[in-house]
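Dear colleague,

Please find the structure below, followed by a short account of what was found in it.

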Amino acid sequence: PVKLRRLLIQPVSLLVSIHASLKLYIASDHTPLAFSVFERGPVFTTARQLVHALAMHYAAGALFRAGWVVGSLEILGSPASLVRSIGNGIADFFRLPYEGLTRGPGAFVSGVSRGTTSFVKHISKGTLTSITNLATSLARNMDRLSLDEEHYNRQEEWRRQLPESLGEGLRQGLSRLGISLLGAIAGIVDQPMQNFQRTSEAHASAGHKAKGVISGVGKGIMGVFTKPIGGAAELVSQTGYGILHGAGLSQLPKQRYQPSDLHADQAPNSHVKYVWKMLQSLGRPEVHMALEVVLVRGSGQEHEGCLLLTSEVLFVVSVSEDTQQQAFPVTEIDCTQDSKQSNLLTVQLRQPRVACDVEVDGVRERLSEQQYNRLVDYITKTSCHLAPSCSPMQAPCPVVAVEPLPSTVKTYHYLVDPHFAQVFISKFTMVKNKALRKGFP
């Protein structure tokens with residue numbers, strides 16, 4: 001359980017950029033999302049319920065701003081960005097002169113000048129950004145229709161080199177327009193030849209080869225119309241990016257942190273791995289906790305391991321061997337933390353002894369301690385209805401429960417982090433009580 005006096009997460013504001021190439025190219029750059037404050041207290045719950053509450057809070061905030069996200073799509077010309085730019089320009093047009101008026105005539109004149117400049121700058125930026133985004137989306141969607149996957153990916157790598165000035169934007173735009181025009185003419189012959197070569201390498205039949213050639217001819221004819229349109233849109237797009245970046249109206253995103261490599265052999269095992277690899281036989285396994293431990297053998301040897309706590313079984317996994325070592329029913333074991341050594345976790349398994357495993361009528365079934373107690377309780381409650389009586393006033397015959405046979409206790413030791421041990425024991429108690437139907441469900 002998680003117990004907090006007060007949990008407060010301040011409002012979060014972020015910019016989201018999404019680029020996806022599906023059937024159509026869909027993109028959105030620097031879309032603002034704002035999430036309100038999250039405050040709860042006092043908190044006494046489980047980690048899962050707390051994460052669920054956090055997820056619902058931020059999911060609701062994202063849905064509330066979904067309209068702005070859709071309006072920021074480049075395929076629509078990003079009307080939301082235009083509205084934001086115009087709003088910022090109008091706000092500066094009135095705010096800056098008002099702030100200057102409170103400081104004197106000179107500051108007022110300066111405020112009017114700066115407000116007008118900001119208004120014109122934001123209007124120009126919003127309009128040019130919308131035109132550029134619409135042209136970019138049109139160019140990429142035209143390529144999506146006329147190019148195969150390999151050539152389209154090459155174009156995407158090329159487009160990542162955004163121009164930083166008007167001259168560079170014109171140069172890139174004109175070069176791509178020329179390449180598109182040449183590709184439109186060459187595609188009439190190139191597309192059927194490529195399809196024919198693919199079908200020949202696949203040892204297809206004559207019918208499939210003819211079908212591939214016809215499909216290539218169709219793509220080539222489509223490219224005659226789509227590639228010039230995409231090239232013209234590419235010219236507008238690159239020129240727009242060059243003006244925006246060269247005039248300082250838009251800044252390229254800067255990398256704040258260098259990427260760090262983490263080798264797979266140094267990464268910890270996730271409980272999802274165990275669910276996929278080991279627990280498929282349980283139907284819908286629910287892992288309440290995966291605890292990294294050190295397995296202590298009877299001989300004193302120590303090995304890295306993991307305890308997987310599910311709704312019914314506690315699994316012991318050897319990390320070094322990557323295999324399951326043991327499986328304990330949660331109702332048959334006790335899990336405690338050593339009073340003297342806080343980093344020692346003890347698991348005790350009670351196994352009832354049976355005097356004779358084979359009887360006259362066959363193999364005798366071994367009853368667990370829980371099953372034995374439930375059987376005794378059932379017999380005690382129902383025997384009064386079955387006992388014969390001479391008169392209706394006769395008291396029911398007392399039933400004396402026979403003591404169960406002595407049981408053996410096997411003890412297993414695991415070295416763990418003391419704080420994680422307390423959490424694990426708490427979750428184990430909750431799972432065991434639920435399995436035994438004790439307390440609240």
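Two strands are said to pair if DSSP finds at least two bridges between them; strands (E, at least two residues) and helices (H or I, at least four) are DSSP runs, numbered from the N terminus. This is a predicted model, in which local features need pLDDT of at least 70 and side-chain atom pairs count only at pLDDT 80 or more, while totals for chains, interfaces and linings use all residues. Residues are numbered from 1 along each chain as its sequence is written, and side-chain values use heavy atoms, with hydrogens and water left out.

Strand 9 and strand 10 (residues 323-329) form a hairpin with 4 residues between them, and Asp322 in that turn has a positive phi of about 55°. Their pairing is antiparallel, over 6 bridges, and Ala327 in strand 10 is the bridge partner of Phe315.

Strand 8 (residues 302-309) also pairs with strand 9 in the antiparallel sense, over 5 bridges. These two strands form a hairpin with 3 residues between them, and Leu307 stands opposite Val316.

Strand 9 (residues 313-318) has 6 of its 6 residues buried, so it is largely enclosed by the rest of the structure. Buried means under 20% relative accessible area, exposed over 50%, and partly exposed in between (1.4 Å probe, protein chains only). Val313, Phe315 and Val317 point one way from the strand, and Leu314, Val316 and Ser318 the other way.

Elsewhere, Thr45 lies in strand 6 (residues 43-45) and counts as buried at 16% relative accessibility. Thr45 is in contact (heavy atoms within 4.5 Å) with Pro1, Val2 and Leu50, not counting residues up to four places away in sequence.

With kind regards
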